[in-house]
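Subject: Structure for your review

Hello,

Here is the structure we discussed, with the sequence alongside. Please open it first; the notes on what was found follow below.

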Amino acid sequence: MAEVILEDVVKAYSKTEVIHGISTTIADGEFIVIVGPSGCGKSTVLRMIAGLEKITGGIIRIDGQVVNKLEPKDRDIAMVFQNYALYPHMTVFNNMAYGLKLRKFGKDEIKQRVDQAAQLLQLEGLLDRKPRQLSGGQRQRVAMGRCIVREPKVFLFDEPLSNLDAKLRVQMRLELRKLHERLKVTSIYVTHDQVEAMTLGDRLIVINEGAAEQIGSPLELYEKPGTKFVAGFIGSPAMNFMDAHISRDGQWALMQGDIRLALANGGVPRFGGQQVIIGIRPEHFKIIVKGPQSMLLTVDHTEILGADTTVYGRFADTPGLITIRLPDIHHFKSETILPLSVAQAKIHIFDRETGARI
Amino acid sequence: MVENRPLTNFCSHAVLIFAIAIIAFPIWITFVAASHDAVRMTQTPLPLLPGDQFFINLKDTFTQGVGNAREQSVGLMLMNSLIMAMMIAVGKIIISLLSAFAIVYFRFPFRMGFFWMIFVTLMLPVEVRILPTFEVVANLGMLNNYWGLSIPLIASATATFMFRQVFLTVPDELLEAARIDGAGPMRFFKDILIPVSRTNIAALFVILFIYGWNQYLWPLLITTDKNMYTIVMGIKQMLEAAEESPEWHLIMMTTLLAMLPPIVVVVGMQKLFIKGLTETEK
C-alpha cells in the first residue's frame with residue numbers, strides 16, 4: 001500500500017509528445033480510474049507507472065521513492081492486462097506462483113498465498129487447469145490472483161473488463177469493487193467505459209489528448225464538469241450542447257427559437273452578452289404543462305428501453321438532435337411537440353472558445 | 001466444408017490411394033528385396049512378394065557388412081548418422097532460438113542488418129560454400145569427427161526466420177507480465193518463450209532431423225576415417241562392389257534400416273509436428 005505521485009509526467013515518442021504533463025497525487029488505498037476516449041494516452045500513463053514505458057519528463061513516486069529509473073519488477077506493482085496475459089503453458093497455480101518463485105519465496109509460503117488468493121477469488125477447484133480451459137471470467141480472476149499473491153503496493157488495471165461480455169462485466173465490476181474494499185490496496189484502473197469509471201472509482205482522472213481535463217470524484221465530474229469535454233464524456237446518453245448567448249444582465253441564456261433559460265444563483269453577470277455553449281443532460285429535462293417558459297421539442301424518434309425512454313428531437317431550428325431521457329415507457333409519434341423545462345441548477349454553461357466551465 | 005457426395009468421395013479416395021501407391025511401391029520393393037536371398041535377387045523377373053530370408057538378412061547385415069563397405073559395421077554407421085543428425089537438429093534449434101530471441105526482443109544497433117545477414121545465408125547452402133567451409137573445418141582440425149560433421153551445417157537461416165515469426169506472434173503482454181513478475185530476459189526465454197514455442201520447436205526438429213540424416217555430400221567430403229562413415233554414404237559404397245554383383249538383399253536391408261530413424265521421429269512427434277505447423281493461438 002502506498003501513495004502514488006505523478007509530477008508533471010510527460011511522454012514523447014521521438015519528437016511527438018503524447019502526454020503533456022500530468023500531475024496528481026493518488027492517496028494510499030485509493031481506487032482511482034483513468035478514463036478517456038481511445039487513443040487519449042490513458043494506457044500510456046498507466047504503463048509509465050508500471051515501468052513498461054520510459055518516462056520522458058517529470059517524476060513518478062511510489063511510496064515516496066522516485067521510480068523513474070526502476071525496472072517494473074523493482075517498483076512493487078502488479079498489473080492486470082486487457083487480454084489477461086496468462087502464461088498459456090502453466091497451470092493456474094503456477095501462473096499465480098510464478099512471480100513468487102522468481103522472488104525466491106519458500107514453497108510453503110507460495111502455496112499458502114496462492115491458496116488464500118484462490119479462495120478469495122473462488123478459484124479453488126481450478127488450480128490444476130490451464131488458462132485455455134477457463135472461461136473469460138475465470139481467466140480474469142486468475143489474472144487478479146496473480147496480482148494479489150504478490151501483495152504489491154499498487155495494483156494497475158489496463159481495461160481488464162473490456163474482453164468480457166456485458167453481463168459478466170457488471171458482475172466482475174462488483175467483485176473488483178468488493179475486492180478493493182477488502183484489500184485496500186492503492187489501485188489505478190484504466191478504462192474507456194464511463195460506467196465502469198463512475199461505479200469503481202473513488203476519484204476519476206479524465207484524460208483527453210494526453211492532458212488531464214479534470215480530476216475529481218465521480219459525482220463531482222457529473223455535477224460540475226470542468227470542461228465541455230468532461231461534460232460530454234461522463235454520463236450516458238451524452239449531454240446535449242446548444243449554442244446560446246448570455247443576456248446583457250447575465251440572468252438569461254438566450255437560444256435560437258426564442259428560448260430563454262433563467263440562470264441559477266444570480267446568473268453570470270461577468271459574461272453578459274457573450275457567446276456560450278449550454279449543456280443539459282438528457283435526464284434533466286422534464287415534461288411540463290405548456291407555458292411561456294417551456295422549451296418546445298419536436299420529436300424525431302424514440303427508443304423505448306423499458307425502464308426509461310430516450311427521445312430524440314429538435315428545438316425549433318437548432319442544428320442536430322437533442323436527446324432527452326424520460327423515466328418509464330412513453331409512446332410519442334414523430335412530430336409530437338413536447339413542452340419541456342429544466343431546473344436552473346442543472347444548466348451547465350461553457351465558454352465557446354476554450355470549452356471551460358463558466 | 002463437410003460434404004457427403006458418393007462421387008466426390010470416390011474420386012478423392014482414388015487420388016489419395018494412387019498417390020500413396022506411388023510413394024509406397026518403392027518401399028515395398030525394398031522390403032521384398034530385403035527378404036530374399038542373394039541368388040533370387042540376381043534372377044529376373046524381380047520378386048514382388050516377400051520371401052523368407054528377412055531375419056537372416058537382418059542378422060547378416062549387422063554381422064558381415066556389405067559390399068565395398070564391408071569393413072565398417074552397419075550398426076556403427078547408423079550410430080554415426082544418428083549422432084550427426086541429432087547434433088545438427090539440436091544445434092540448429094539452439095542457435096536459431098537464440099538468434100531469433102536476440103533479433104525480436106532486443107534493440108541493438110544494426111539489428112535489422114544482422115537479421116538480413118542471417119537471411120542472406122539462405123542463398124549460401126553447403127554446396128555453394130563447400131570449398132571454403134572445408135578449408136575452415138580442416139584448419140580447425142575437425143576432419144573425421146562429429147563436430148566437423150555437424151557444426152558447418154548448424155547455422156540455419158530458415159529456422160531463425162521461422163522462430164522469429166513465431167516469437168512475433170507471442171503477445172507483448174506476456175513479456176510485460178513476465179517483467180512485472182520479475183523475470184529477466186533469459187528467465188523469460190527459458191520459462192515462457194520456449195514452452196510457448198514448444199510445438200514449433202518439435203515441428204522444426206522433425207524437419208531438421210531428417211535434413212541431417214539425409215546429408216550425403218558433406219560427410220563424404222570430410223570423413224576419410226571409416227569409423228566416421230554415415231549410413232547414407234555407406235549405402236552408396238555398398239553399391240560399388242568391384243568384381244561381384246551388388247548384394248541387393250543386404251543393401252536393401254540396410255536401406256530399410258536407414259529409413260527407420262526418420263520414420264520413428266516423424267511418427268513419434270507427429271502430433272506435435274502438426275500442431276506446430278497449424279496452431280496459431282498463443
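The hairpin of strands E12(A) and E13(A) has three residues between its strands, and A:Gly257 takes a positive phi near 75° there. Please keep in mind that this is a predicted model. E13(A) covers residues 259-262, and its pairing with E12(A) is antiparallel, with four bridges. Within that pairing, A:Ala253 stands opposite A:Leu261 of E13(A).

E12(A) also pairs with strand E11(A), residues 240-246; these two run antiparallel as well and are joined by three bridges. Here A:Met255 of E12(A) has A:Ala244 opposite. Five residues lie between the strands of the hairpin of E11(A) and E12(A), and in that hairpin A:Gly250 has a positive phi near 75°.

Now the interface between the chains. On the chain B side 17 residues are in contact with 23 residues of chain A. The two chains bury about 1,800 Å² between them, and 60% of this is on carbon and sulfur atoms. In chain B, the residues that lose the most area to chain A are B:Arg179, B:Ile180 and B:Asp181, which together account for 40% of what that side buries.

The rule finds three salt bridges across the interface of chain B and chain A. In one salt bridge, the side chain of B:Arg179 meets that of A:Glu71, at 3.8 Å from N to O.

Which helices of chain B supply at least two residues each to the side that touches chain A? They are H9(B), residues 172-181, and H10(B), residues 185-196. H9(B) gives the most, with eight residues. By class, the side of chain B that touches chain A has nine nonpolar residues, seven charged and one polar.

Regards

How values were computed:
Residues numbered from 1 in each chain as written. Chains lettered and ligands numbered in written order. Predicted model: local features only at pLDDT ≥ 70, side-chain atom pairs only at ≥ 80, totals over all residues. Heavy atoms only, no water. Contact = heavy atoms within 4.5 Å. Buried area = accessible area lost by both parts, 1.4 Å probe. Salt bridge = Lys/Arg side-chain N within 4 Å of Asp/Glu carboxyl O. Nonpolar A, V, L, I, M, F, W, Y, C, P; charged D, E, K, R; others polar. Pairing = 2+ DSSP bridges.
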